[in-house]
Amino acid sequence: YATAASTASATRFPTALPSTPTTKLRPAPSTIDVYIDMSRRARSAPKVNVSPSVRLGLESIIEGNETAIRAMLSLGSDKVVVEGLIDCMGVNSLSAEMLIANYFSASMLGAYCRERIGKSDKGGAATLAERIAREWAKPSFAPLPAPADSKKRKEPQPPVEDAAAKRVAALAEVAAKRAKQAAQKQASSPTAPAAEPKEKEVVGQREEE
């Protein structure tokens, strides 16, 4: 029994370590490797299927704003802008409304509302984005013709501000607006019938007397 126990112990717990390590450390990735990895993730991002009316809306808002949109999304000159916007929606899981609320300035959205869909240009980025998205969601959506001087005038440049702070503020504004609409809808729903006036109770008491 002693021989069998010593043999089992030697099998389970080897007394000598291997001369060479079994695990090799991988070298730190270079800048090129990181860029390639990011490019692969961008290519493998889920593709968003947008309706024809939404795609038409994206194409119409690009007209006259292509340079500013390329700068906002850091798109190269070889990338089709509308495809860049759709890719951005897929990578960040954004709807068309949240896309333009996050990345477009209020001045740009206001001009689009006034000139291309014939709506009011009042409100912040989230309000204008909701107004635009409501029109884009209609299957029969067709933008108004672009103004004749749209190509001659200088494209609006996005204000210099913290992009992350702008996105957080826009999302908060959208959430607050939806919460307000839900509260208004709940308040307008039918409620239980009101209690009868107390006058009937007084009349009943008098009749009993």
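I began at Ser74, which lies in the loop between α4 and α5. Helices here are DSSP runs of H or I of at least four residues, strands are E runs of at least two, and both are numbered from the N terminus.

**Ground rules.** I noted that this is a predicted model, where local features need pLDDT of at least 70, side-chain atom pairs count only at pLDDT 80 or more, and totals for chains, interfaces and linings use all residues. Residues are numbered from 1 along each chain as its sequence is written, and side-chain values use heavy atoms, with hydrogens and water left out.

I looked up the backbone of Ser74. Its phi is near 55°, a positive value in a residue other than glycine. Most residues other than glycine have a negative phi. I then checked its surface. Ser74 counts as exposed because its relative accessibility is 66%. The cut-offs are these: buried means under 20% relative accessible area, exposed over 50%, and partly exposed in between, with a 1.4 Å probe and protein chains only.

I found Ser93 in the loop between α5 and α6. Phi of Ser93 is near 55°, again positive in a residue other than glycine. Ser93 has 64% relative accessibility, so it counts as exposed.

**The whole chain.** I stepped back for an overview. The protein chain has 10 helices and 0 strands. Read along the sequence, its pattern is α-α-α-α-α-α-α-α-α-α. The chain has 209 residues, and 27% of them count as buried. I also looked at contacts, meaning heavy atoms within 4.5 Å. Among contacts between residues at least 6 apart in sequence, 64% join residues at least 24 apart.

**The core.** Which residues have the most contacts inside the largest nonpolar core? They are Leu58, Phe104, Leu109 and Trp136, in a core of 34 residues. Such a core is a set of buried Ala, Val, Leu, Ile, Met, Phe, Trp, Tyr and Cys residues joined through side-chain atoms within 4.5 Å. I listed the helices that each supply at least two residues of this core: α3 (52-62), α4 (66-73), α5 (81-92), α6 (96-103), α7 (106-116) and α8 (125-136). The most comes from α5, with 6 residues.

**α4 against α5.** I turned to one helix pair. Two packed helices are described by the angle between their axes and the distance between the axes. For α4 and α5 the angle is about 35°, and the axes are 11 Å apart. Axes are lines fitted to C-alpha atoms, for helices over the stretch in contact, and angles run from 0 to 180 degrees between N-to-C directions. The crossing of α4 past α5 is left-handed, that is, the near helix is turned anticlockwise from the far one by less than a right angle.

From α4, Glu66, Ile69, Arg70 and Leu73 meet Val81, Gly84, Leu85 and Cys88 of α5. I sorted the residues of this contact into 5 nonpolar, 1 polar and 2 charged. Here Ala, Val, Leu, Ile, Met, Phe, Trp, Tyr, Cys and Pro count as nonpolar, Asp, Glu, Lys and Arg as charged, and the others, Gly among them, as polar.

I also listed the buried residues of α4: Ala68, Ile69, Arg70, Met72 and Leu73. They pack against α3, α5, α6 and α7.

**The aromatic pair.** Rings of Phe, Tyr and Trp (its six-membered ring) pair if their centres lie within 6.5 Å; planes under 30 degrees apart count as stacked, over 60 as edge-to-face and the rest as tilted. By this rule I have 1 aromatic pair. The ring centres of Tyr112 and Trp136 are 6.1 Å apart and the planes are at 80°, so the pair is edge-to-face. It links distant parts of the chain, with Tyr112 in helix α7 and Trp136 in helix α8, 24 residues apart. Both Tyr112 and Trp136 are buried.

I looked at Ser53, in helix α3. At 7% relative accessibility, Ser53 counts as buried. Leaving aside neighbours within four places in sequence, Ser53 is in contact with Trp136, Ala137, Lys138, Pro139 and Phe141. The C-alpha atoms of Ser53 and Ser140 are separated by 7.2 Å, although these residues are 87 apart along the chain.

Next came Glu135, in helix α8. Glu135 counts as buried at 12% relative accessibility. Beyond four places in sequence, Glu135 contacts Ile117, Lys119 and Phe141.

I ended at Glu97, in helix α6. Glu97 is buried, with a relative accessible area of 15%. Not counting residues up to four places away, Glu97 touches Ala129, Glu130, Ala133, Val174 and Arg178.
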